[in-house]
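Biologist: I have the sequence and the fold open. Can you walk me through the details?
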Amino acid sequence: MLLHDTALVFGRYARQTLRSRFQILFGILMPLLYLLFFGPLLTGLPLGGDVGSWQILVPGLLLQLGLFGASFAGFGLIIDKSTGVVERMRVTPVSRAALLLGRVLRDALLFVFQAVLLVLVAVPMGLRAPLAGVLIGFAFVGLLTVSLASLSYALAMRVSTPQEFGPVINSLTMPAMLLSGLMLPMTLGPKWLDVLSHFTPFRYLVDAVRDAYAGSYATGHMLYGVLVALGFAASAVTAGTRVFRKAGA
């Protein structure tokens, strides 16, 4: 029943997304602007290692896409609450876990699709990465989306208005972006900042994807990245499911 209910909820929100082409295209706008206007500034700079600047920037932009997109996913749930959609779902026999998982899987598919578009734009600009590394990057985007979307929906169930939701998300996502090294490797900064960034789980994901884009798969960065991504996703989905069940959503 969980799989059946999850498929029903996923189908509902997938159709809703397909009817909103602006959501699909404009969701990729910020990473694309970084790619077009920030990427050329890095060409030729010594960013560390033998890889090109695009192999440093693009993995960060992929995870930036998941970080900001999934973190703000809860806005849609707040709208559903205000329009009575959540109330109507509460009287159905649909699994409460499925109400979360269906939404989260829709978000993961959407942001992986946007990640594909971003990579396709980056290739003619100079990105060179092995196919296996690119696919690994998509997998990390999917896991990050599952994690952050689950937490975002859990927060949305706790607050009443977008005015409460937005500041909380902004105060969390901006430090996460700055400390994770999405734009540039944290090893280029001062030692204290590099050490501090290791307390941010996103740092491990960024390092792992950059190794994958360089064709290095059996590395410590990859191991830590996989463990953190899987552990973060499992913890976030568990926490989100508990909130949904407790709220009867």
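Modeller: A term to begin with: buried means under 20% relative accessible area, exposed means over 50%, and partly exposed is in between (1.4 Å probe, protein chains only). By that cut-off R203 and D194 are both buried. This is a predicted model, where local features need pLDDT of at least 70, side-chain atom pairs count only at pLDDT 80 or more, and totals for chains, interfaces and linings use all residues. Residues are numbered from 1 along each chain as its sequence is written, and side-chain values use heavy atoms, with hydrogens and water left out.

Biologist: What does the pLDDT average over the protein?

Modeller: The average is 88, and 96% of the residues score at least 70. pLDDT is the predictor's confidence in each residue, from 0 to 100.

Biologist: Which elements have the lowest and the highest mean?

Modeller: Helix α2 (residues 21-26) has the lowest mean pLDDT, 73. The highest, 95, belongs to helix α8 (residues 131-158). Helices here are DSSP runs (H or I, at least four residues), as are strands (E, at least two), numbered from the N terminus.

Biologist: Back to R203. What does its side chain pair with?

Modeller: R203 forms a salt bridge with D194 at 2.7 Å, N to O. R203 also forms one with D207, where the closest N and O atoms are 2.7 Å apart. A salt bridge is a side-chain nitrogen of Lys or Arg within 4 Å of a carboxyl oxygen of Asp or Glu.

Biologist: Where do R203 and D207 lie?

Modeller: Both are in helix α11 (residues 201-213), 4 residues apart, about one turn of the helix. An α-helix has 3.6 residues a turn, so residues three or four places apart point the same way.

Biologist: Why do R203 and D207 count as buried?

Modeller: R203 counts as buried because its relative accessible area is 5%. D207 is buried because its value is 14%.

Biologist: How many salt bridges are there in the whole structure?

Modeller: The search finds 4. One of them joins R106 and D107, with the closest N and O atoms 2.8 Å apart. R106 and D107 are both buried.

Biologist: New topic, α7. How far does it reach?

Modeller: Helix α7 (residues 96-125) has 30 residues and spans 45 Å from first C-alpha to last, close to the 44 Å expected. The expected span is 1.5 Å times one less than the number of residues.

Biologist: What is I169 in contact with?

Modeller: Leaving aside neighbours within four places in sequence, I169 contacts S71, F72 and L155. Contact means heavy atoms within 4.5 Å. I169 and F72 are 97 residues apart in sequence and 7.0 Å apart in space, C-alpha to C-alpha. I169 is buried because its relative accessible area is 6%.

Biologist: S152, buried or exposed?

Modeller: S152 is buried, because its relative accessibility is 2%. This residue lies in helix α8. Not counting residues up to four places away in sequence, S152 touches A70, S71, F72, A73, G74 and F165.

Biologist: Which residues have the most contacts inside the largest nonpolar core?

Modeller: V58 and L63, in a core of 64 residues. The largest share of this core, 12 residues, comes from α8. A nonpolar core is a set of buried Ala, Val, Leu, Ile, Met, Phe, Trp, Tyr and Cys residues joined through side-chain atoms within 4.5 Å. Leaving aside neighbours within four places in sequence, V58 is in contact with L35, V119, A122, L127 and Y213.
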